[in-house]
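Please read these notes beside the sequence and the model. They take the single chain before the pairing of the two copies.

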Protein chains: 2
Amino acid sequence: MKRHYGDLKPGTRVLLGPGPSDADPRVLRAMVTPVVGHLDPDFLATMDEVQELLRYVYQTENELTFTVPGTGMAGMETCLANLVEPGDRVVVCINGAFGLRMAEIAGRYGAEVVRVEGTWGQVINPAKVKEALAQGQTKLVAIVHVETSTGVIQPIEEIADLAHEHGALLLADTVTSLGGTEVAIDRWGIDASYSGSQKCLGCPPGLSPITFGPRAVAALENRKTPVTSWYFDLSLLRRYWSSERFYHHTAPISLVYAMREALRLVYEEGLEERFRRHREAGEALQTGLQEMGLKLFAQEGHRAPMLTTVLIPEGIDDLKVRRRLLDEYSVEIGGGLGEMKGRLWRIGLMGHSCQRRNVALFLAALQRILQEEGFRG
Amino acid sequence: MKRHYGDLKPGTRVLLGPGPSDADPRVLRAMVTPVVGHLDPDFLATMDEVQELLRYVYQTENELTFTVPGTGMAGMETCLANLVEPGDRVVVCINGAFGLRMAEIAGRYGAEVVRVEGTWGQVINPAKVKEALAQGQTKLVAIVHVETSTGVIQPIEEIADLAHEHGALLLADTVTSLGGTEVAIDRWGIDASYSGSQKCLGCPPGLSPITFGPRAVAALENRKTPVTSWYFDLSLLRRYWSSERFYHHTAPISLVYAMREALRLVYEEGLEERFRRHREAGEALQTGLQEMGLKLFAQEGHRAPMLTTVLIPEGIDDLKVRRRLLDEYSVEIGGGLGEMKGRLWRIGLMGHSCQRRNVALFLAALQRILQEEGFRG
């Protein structure tokens with residue numbers, strides 16, 4: 001007897017975790033657009049528009065700006081696999097789970113990894129980066145803009161300047177920040193960056209925007225060894241995204257449609273307005289949590305607007321609260337990662353999920369559940 | 001002044017190239033399902049179903065059967081990156097562009113690549129594989145089931161047996177074959193295989209199904225060195241797809257929805273019926289092309305049903321004909337790859353595109369255009 005597979009009917013969630021965020025209905029509908037070939041002139045025009053719009057959100061003139069056909073982690077690997085050659089000295093700033101991952105991947109591609117360790121929940125101190133740079137000729141400094149595991153937003157400009165003074169490139173992880181707060185690639189001097197589709201850009205997961213500036217492109221072109229990864233080899237990928245249209249892989253057409261629509265929404269809203277929306281919602285959430293008697297985790301003055309971290313109060317069961325939020329309110333939030341597992345909650349207000357009504361819903365739901373679980377703030 | 005970005009409106013194509021194929025409207029609609037988190041219990045249930053259904057189309061009991069978050073080329077790289085360690089002897093069968101790519105990628109991951117060269121358009125002779133195996137201890141034999149650049153379908157079983165007799169694993173590229181013709185992983189003794197979502201499975205591009213049998217899993221577990229690629233490291237990916245649900249990347253939720261719906265369609269149709277549909281449409285197309293006076297490229301008796309290759313007649317302009325098909329009939333077919341560039345056309349009848357009416361449309365359109373271009377077959 002055949003097994004029965006029914007229609008898909010997942011719960012209709014309000015996604016307030018660290019990503020994916022809710023997609024605007026327009027973005028979902030874009031994926032119903034009939035598939036065309038990856039070399040169809042109509043699709044090539046769409047690729048051009050995606051590149052233009054990505055340059056807009058990245059605030060860059062970089063020609064090498066496009067999406068890698070994989071998730072945000074594919075973007076991280078693409079940047080490191082292409083910028084690192086075996087033996088290169090790479091300074092990695094680590095104050096959370098994604099800094100750790102950068103160190104791990106740089107190491108796999110043969111880097112001599114120098115770790116600048118920071119405290120989770122605090123920003124990286126530029127003086128420590130300077131110290132690391134002074135100790136040896138460095139190819140690359142890698143840093144996370146908004147650490148998704150801690151909710152800290154890191155000032156980038158000073159560290160970019162330090163990298164350049166020491167002849168190094170600056171790679172910034174903008175997975176959580178892009179589209180929700182300023183990421184000024186050119187003005188800040190970021191040489192390379194990767195992001196994810198499913199956070200403040202408001203597109204479903206599966207694509208990773210990247211951008212490489214002139215110094216980073218020169219590093220690609222001056223490589224002495226081929227990139228180990230073929231799929232992530234930018235010398236091939238960029239030929240598909242350039243006017244040459246060299247076949248490399250079959251582009252994920254429907255996701256590129258979704259990305260174009262998500263970026264179009266960003267463009268229609270305007271960056272300033274979009275950043276203001278994220279800032280105001282984040283402030284409302286952070287104020288509300290503190291008024292409830294909860295303690296925020298990220299360092300004051302460096303709290304990301306789109307991702308708030310809050311310590312789980314003594315005696316409260318992490319999984320039970322998150323399960324109740326999901327079952328009773330269909331609201332998803334995130335738990336802690338790595339050393340913060342079980343110790344904090346991560347609440348995202350990203351892209352289409354970033355709405356004042358979601359702040360109100362979440363605060364009301366959490367308050368009710370915490371009271372029922374015996375919390376007296 | 002702001003630039004205007006209008007609604008997406010690509011041409012509504014009939015996709016008869018080497019992939020992507022047309023997606024059934026049900027598959028497109030599945031992507032409008034609201035996004036949920038990658039660890040949401042409802043999504044985890046969907047992942048389980050995708051694994052069950054993939055085992056059905058792969059005709060396997062392999063536990064390690066799931067989708068890699070990237071295109072078919074990501075699947076190729078995943079298999080090679082995980083099965084190859086530096087210094088391993090890998091016999092790669094090359095009778096087309098995708099065999100060449102396997103050799104390229106195996107080499108990047110440090111393999112000692114031994115090439116068994118075949119003629120493009122012909123099958124690989126097992127005797128040559130046997131000869132290569134006899135010359136040194138081999139870790140892996142890699143072969144393409146349906147070579148997308150030539151339209152040849154390769155018998156696998158005998159070569160799998162040879163590999164095993166020599167203590168080697170058998171890796172088969174089933175990107176073009178899976179879902180359109182028999183791929184009997186367990187019965188044929190294929191140790192590892194990767195495919196693509198966008199061909200006979202009828203899902204949009206962006207996911208790569210893979211399956212690893214017990215011998216291949218043992219090879220993973222006995223590695224002496226870590227896999228260079230973090231994104232494609234199966235020791236991490238399989239922990240997300242197992243009951244552990246270890247976070248590795250943010251799954252491309254909407255594409256997994258589409259994959260489930262595409263696989264559900266395969267399951268509803270049944271493998272035998274689906275293979276018959278592809279066989280009959282392929283035969284009708286190949287007969288029609290020959291009746292028109294055209295010459296098929298692939299070796300008789302080894303012509304793939306879902307991908308037909310035909311030589312471009314003397315004096316006919318490849319690009320002009322393909323452009324006219326697209327402009328006048330909104331029909332996409334593919335040109336030649338690699339050494340066959342400009343010398344043949346590739347016509348796919350895959351998944352939802354595999355319909356008798358598409359055969360009729362394509363033959364009529366091609367006949368008219370060729371006549372107008374001066375061809376007298």
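1. Helices (H or I, at least four residues) and strands (E, at least two) are DSSP runs, numbered from the N terminus. On that basis chain A has 13 helices and 14 strands. The model is predicted: local features need pLDDT of at least 70, side-chain atom pairs count only at pLDDT 80 or more, and totals for chains, interfaces and linings use all residues. Residues are numbered from 1 along each chain as its sequence is written, with chains lettered from A and ligands numbered from 1 in the order in which they are written.

2. The radius of gyration of chain A (over C-alpha atoms) is 21 Å, close to the 21 Å from the globule rule (2.2 Å times the number of residues to the power 0.38) for 377 residues, so chain A is as compact as a globular protein of that length. Its C-alpha trace spans about 60 × 55 × 50 Å along the principal axes.

3. 61 residues of chain B are in contact (C-beta atoms, placed from the backbone, within 7 Å) with 61 residues of chain A. Helices H1 (25-30), H2 (41-58), H3 (72-83), H4 (97-108) and H10 (253-269) of chain B each give two or more residues to this side. The largest share, 8 residues, comes from H10(B).

Definitions and conventions
Two residues are in contact if their C-beta atoms, placed from the backbone, lie within 7 Å.
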